[in-house]
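Try each one before you read its solution.

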Amino acid sequence: MKQFELNDGTMIPSVGFGVFMIPNDGPTYDAVLEALKAGYRHIDTAAGYMNESDVGKAIKDSGIDRSEIFITSKLWLQDYGYENAKIGIDNSLKLLGVDYIDLYLLHQPYGDYLGAWKALEEAKEEGKLKSIGISNITVNLWRKFKDGMHVMPSVNQVEFNPFTQQKELRNEMAKDNIRLEAWYPLGHGNKDLLTNPTILSLAEKYNKNAGQIILRWINQEGVISLPKSTNPARVKGNIDIFDFELTDEEMNAIRALDTGKGTHNPEDPANETRLMGLKIHD
């Protein structure tokens with residue numbers, strides 16, 4: 001598995017396994033075990049996914065040394081603010097059953113964001129979190145929060161795929177060497193993306209499927225991808241992307257597919273209202 005270096009010196013597997021919307025108490029456990037058997041060494045969960053405990057159990061039962069597995073989790077809005085965030089971090093550690101989390105993110109850009117970030121900074125200093133980062137941050141939101149941060153985030157996890165390339169954001173993040181991480185790297189099953197003629201022609205050339213072409217393109221762009229599937233064949237296929245390389249011309253052909261739009265706008269007040277109202281615990 002290829003790794004990327006983050007701005008704090010941490011090495012992160014360039015492709016991770018996402019568990020968004022996979023239920024706890026069995027399904028996530030099975031999916032993570034399958035992913036680890038397939039060769040994944042980066043698991044991406046979140047407090048808001050409510051399946052951290054299954055992730056932790058699967059990692060423990062896998063027989064793979066903890067030091068070989070990179071765990072990402074995220075703090076939910078309900079636990080924002082300095083004091084609440086300290087409790088939220090400890091709760092993630094407890095549910096995962098680990099002494100440290102490799103990467104911990106602020107999941108959404110609302111509420112007492114900087115208070116929560118301060119708690120992440122301190123937890124990093126204490127060794128509870130190896131790296132810290134942000135998620136769903138746009139250029140405008142970054143400029144709003146940046147000056148209140150003493151430690152630069154290592155990653156910004158956002159929607160990213162050939163139709164949503166976040167070009168302005170990538171340029172802004174590059175100024176502080178903040179690496180992008182892609183959720184919906186395959187467009188959440190977007191048929192138009194997966195049947196795009198440019199991508200299909202490359203799939204035929206390299207004897208790969210459309211998803212593998214997209215994930216290889218993302219990898220060559222230097223972006224971490226987090227494909228999710230509960231289909232064992234697709235789970236294996238999504239990391240079978242390191243035996244070929246797209247040419248500069250082919251990379252540019254996929255870059256030309258950018259629409260400049262995504263499915264989620266973090267700056268939309270309706271999204272803030274909706275997400276702020278979501279409670280994941282009493």
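A crossing is called right-handed if the near helix is turned clockwise from the far one by less than a right angle, and left-handed if anticlockwise. Keep in mind that this is a predicted model.

**Exercise 1.** Work out how helix α1 and helix α2 are arranged, and which residues they use to touch.

Solution. Start with the axes: α1 (residues 27–38) and α2 (residues 52–61) come within 8 Å of each other, with a crossing angle of roughly 40 degrees. That angle makes α1 oblique to α2. Next, the hand: α1 and α2 make a right-handed crossing. Now the residues: α1 brings P27, T28, Y29, V32, L33 and L36, while α2 brings D54, V55, K57, A58, I59 and D61. Finally, sort the α1–α2 contact by class, and you get 8 nonpolar, 1 polar and 3 charged residues.

**Exercise 2.** Are α9 and α11 roughly parallel or roughly perpendicular to each other?

Solution. Look up the angle first: the axes of α9 (residues 210–220) and α11 (residues 248–255) cross at roughly 105 degrees and come within 11 Å. Angles from 65 to 115 degrees count as roughly perpendicular, and α9 and α11 are therefore roughly perpendicular to each other. For the contact itself, I213, W217 and Q220 of α9 meet M251, I254 and R255 of α11. By class, the α9–α11 contact has 4 nonpolar residues, 1 polar and 1 charged.

**Exercise 3.** Describe the largest pocket: its volume, its central residues and the make-up of its lining.

Solution. Volume comes first, at about 1100 Å³. The lining of this pocket has 39 residues, and F20, W183, Y184, H188 and K228 are the closest to the pocket's centre. The elements giving two or more residues to this lining are α9 and α12 (269–276). By class, the lining of the largest pocket splits into 17 nonpolar, 17 polar and 5 charged residues.

**Exercise 4.** Which element gives the most to the lining of the second largest pocket?

Solution. Begin with the space, about 390 Å³ in the second largest pocket. Its lining has 22 residues, with T138, Q166, L169, N265 and P266 nearest the centre. Then list the elements that give two or more residues to that lining: α5 (139–145), β8 (155–159) and α6 (167–174). Of the elements, α6 gives the most, with 3 residues. To finish, the lining of the second largest pocket divides into 6 nonpolar, 10 polar and 6 charged residues.

Notes
Residues numbered from 1 in each chain as written. Predicted model: local features only at pLDDT ≥ 70, side-chain atom pairs only at ≥ 80, totals over all residues. Heavy atoms only, no water. Axes fitted to C-alpha atoms, helices over the stretch in contact; angles between N-to-C directions. Helix = DSSP H or I, 4+ residues; strand = E, 2+ residues; numbered from the N terminus. Parallel < 35°, antiparallel > 145°, perpendicular 65-115°, else oblique. Contact = heavy atoms within 4.5 Å. Nonpolar A, V, L, I, M, F, W, Y, C, P; charged D, E, K, R; others polar. 1 Å grid on protein atoms, 1.4 Å probe; cavity = no way out; pocket = protein on both sides within 12 Å on 5 of 7 lines; lining within 4 Å. Points joined across faces, edges and corners; volume = space filled by probe spheres on them.
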